[in-house]
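Open the model in your viewer and keep the selection panel at hand. The tour goes stop by stop, each with something to select and something to check.

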Amino acid sequence: MKPVYPFRRTCKEASALLIAREDRALPWVDRLALRIHLAMCQACPRFERQLLTMRNAMGQWRNYTDE
């Protein structure tokens, strides 16, 4: 039988949680699992920074006025 790790997430699951976090508040279990995954993974924090960069860029674009 395969062991069950309740807070272990794959990179695919973590990226889905990062995207979902943009739209809604995550349950505490998912927030904790995501935090643990981000502490152990090298690629997912980069993806998180890319999402934040895109969100900030879109926010600046929305507020842009042509003077």
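Select His-37, which sits in helix 2. This is a predicted model, so read every value as computed from it. Is His-37 buried or exposed? Its relative accessibility is 8%, so His-37 counts as buried, the cut-off being under 20%.

Now show what surrounds His-37. Leaving aside neighbours within four places in sequence, His-37 is in contact with Arg-9, Thr-10, Cys-11, Ala-14 and Cys-44.

The side chains of Arg-9 and Asp-30 meet in a salt bridge, 3.1 Å from N to O. Asp-30 belongs to helix 2 and Arg-9 to the segment before helix 1, so the bridge ties together parts 21 residues apart in sequence. Both Asp-30 and Arg-9 are buried.

How many salt bridges does a search of the whole structure find? It finds three. Go on to the next one.

Select Glu-48 and Arg-21. Their side chains meet in a salt bridge at 2.8 Å, N to O. Glu-48 is in helix 3 and Arg-21 in helix 1, so this pair joins parts 27 residues apart in sequence. Arg-21 has a relative accessible area of 33%, which makes it partly exposed.

Next, select Glu-22 and Arg-55. The closest N and O atoms of this salt bridge are 3.5 Å apart. Glu-22 lies in helix 1 and Arg-55 in helix 3, so the bridge ties together parts 33 residues apart in sequence. Glu-22 is partly exposed, at 31% relative accessibility. Arg-55 is partly exposed too, with a relative accessible area of 45%.

Now colour helix 1, residues 11–23. Draw a line between its end C-alpha atoms: they are 19 Å apart. At 1.5 Å a residue, the 13 residues of helix 1 should span 18 Å, so the two values agree.

Which residues of helix 1 are buried? Among them, select Ala-14, Leu-17, Leu-18 and Ala-20. Residues three or four places apart on an α-helix point the same way, because a turn takes 3.6 residues. Show helix 2 and helix 3 (43–62) as well: the buried residues of helix 1 pack against both.

Move to the aromatic rings. A search of the whole structure finds one aromatic pair. Select Phe-7 and Trp-28: the ring centres are 6.5 Å apart and the planes meet at 50°, so the pair is tilted. Phe-7 is in the segment before helix 1 and Trp-28 in helix 2 (residues 28–40), so the pair links distant parts of the chain, 21 residues apart. Phe-7 is partly exposed, with a relative accessible area of 30%. Trp-28 counts as exposed, at 55% relative accessibility.

Together with Phe-7 and Trp-28, they make a nonpolar surface patch of about 500 Å². End on Met-40, which is found in helix 2. Is Met-40 buried or exposed? At 63% relative accessibility, Met-40 counts as exposed.

Definitions and conventions:
Residues numbered from 1 in each chain as written. Predicted model: local features only at pLDDT ≥ 70, side-chain atom pairs only at ≥ 80, totals over all residues. Heavy atoms only, no water. Phe/Tyr/Trp six-rings, centres within 6.5 Å; stacked < 30°, edge-to-face > 60°. Helix = DSSP H or I, 4+ residues; strand = E, 2+ residues; numbered from the N terminus. Buried < 20%, exposed > 50% of the residue type's maximum accessible area, 1.4 Å probe, protein only. Expected span 1.5 Å × (residues − 1). Contact = heavy atoms within 4.5 Å. Salt bridge = Lys/Arg side-chain N within 4 Å of Asp/Glu carboxyl O. Patch = residues over 30% accessible without salt bridge, like charges linked within 9 Å, V, L, I, M, F, W, Y side chains within 5 Å. Areas by Shrake-Rupley, 256 points an atom, 1.4 Å probe, with all protein chains shown as cover.
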